[in-house]
Amino acid sequence: DGVDFVYNVIRVGGVGAMTQDKRIGLKYGFHGHDDFGPSAAMITLRTVPVVMKITGEMAKRCPDAWFLNFTNPVPFIVRAVNDYTKIKTLGLCGGDQNQLHDIPTTLGWDQVPCNDLWYRGVGIDHLSWSTELKYRGKDFYPELLEAIKQLDRKKLPYYCRMSIDVLELYGQWLSSSAHCFHWTHHDELRGHLQASFDEEIGRA
């Protein structure tokens with residue numbers, strides 16, 4: 001009672017239900033992600049009723065508190081709270097920290113994650129960009145843009161290749177990239193997910 005913030009980090013149905021969602025998405029030609037396509041639709045249908053119960057309790061116990069949502073699919077959860085309650089809400093994602101892993105991995109550095117990288121970003125939910133990127137205090141974007149020209153992209157993990165494509169397209173690093181690649185590289189992601197499930201079946 002009377003708290004200022006309520007953090008929402010839940011997975012209704014657990015990992016098993018999400019895995020089933022992904023398999024159903026693949027069956028119908030979609031990359032099965034927790035914030036895209038039919039997989040996300042099923043997660044939304046399971047999660048929104050639970051969120052409505054939580055915010056209903058907030059309305060009685062802490063009506064002035066902020067509902068901070070980290071649960072995917074972030075935009076749909078936040079929209080439900082905004083549309084059907086009077087609770088203040090904000091959608092958040094900690095995925096921006098992935099770039100401290102992804103950039104060094106892309107460039108082949110030994111230090112992963114790299115704490116010498118510093119960034120400042122803007123955006124909402126999963127659509128956020130690093131407007132400033134520094135390495136040991138110096139602007140790193142010119143060096144990064146030059147370095148990617150020398151890379152053999154065929155040897156890079158798929159998510160690194162996608163990051164480079166988006167960087168070249170927009171000139172900034174997409175900080176929550178894992179949640180946006182399905183808009184630009186859907187078929188490749190779908191193939192990667194299908195291969196991982198096929199491998200799992202093979203091991204079984």
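Biologist: In β3, which residue is the bridge partner of asparagine 69?

Modeller: Glycine 91 is that partner. This is a predicted model, where local features need pLDDT of at least 70, side-chain atom pairs count only at pLDDT 80 or more, and totals for chains, interfaces and linings use all residues. Residues are numbered from 1 along each chain as its sequence is written, and side-chain values use heavy atoms, without hydrogens and water.

Biologist: How do you know that β2 pairs with β3?

Modeller: Two strands pair if DSSP finds at least two bridges between them. Here 4 bridges join β2 (residues 66–69) to β3, so the two strands pair. They run parallel. Strands themselves are DSSP runs (E, at least two residues), and helices are runs of H or I of at least four, both numbered from the N terminus.

Biologist: What makes β1 and β3 edge strands?

Modeller: The open sheet has the order β1-β2-β3, with parallel pairing. β1 (5–8) and β3 (88–91) each pair on one side only.

Biologist: Why is histidine 31 called buried?

Modeller: Buried means under 20% relative accessible area, exposed over 50%, partly exposed in between (1.4 Å probe, protein chains only). Histidine 31 has 7%, so it is buried.

Biologist: Where is histidine 31, and what does it touch?

Modeller: Histidine 31 is in the loop between α1 (14–27) and α2 (37–61). Contact means heavy atoms within 4.5 Å. Not counting residues up to four places away in sequence, histidine 31 touches Phe36, His182, His186, Leu189, Arg190 and Leu193.

Biologist: How many of the 204 residues count as buried, in percent?

Modeller: The share is 39%.
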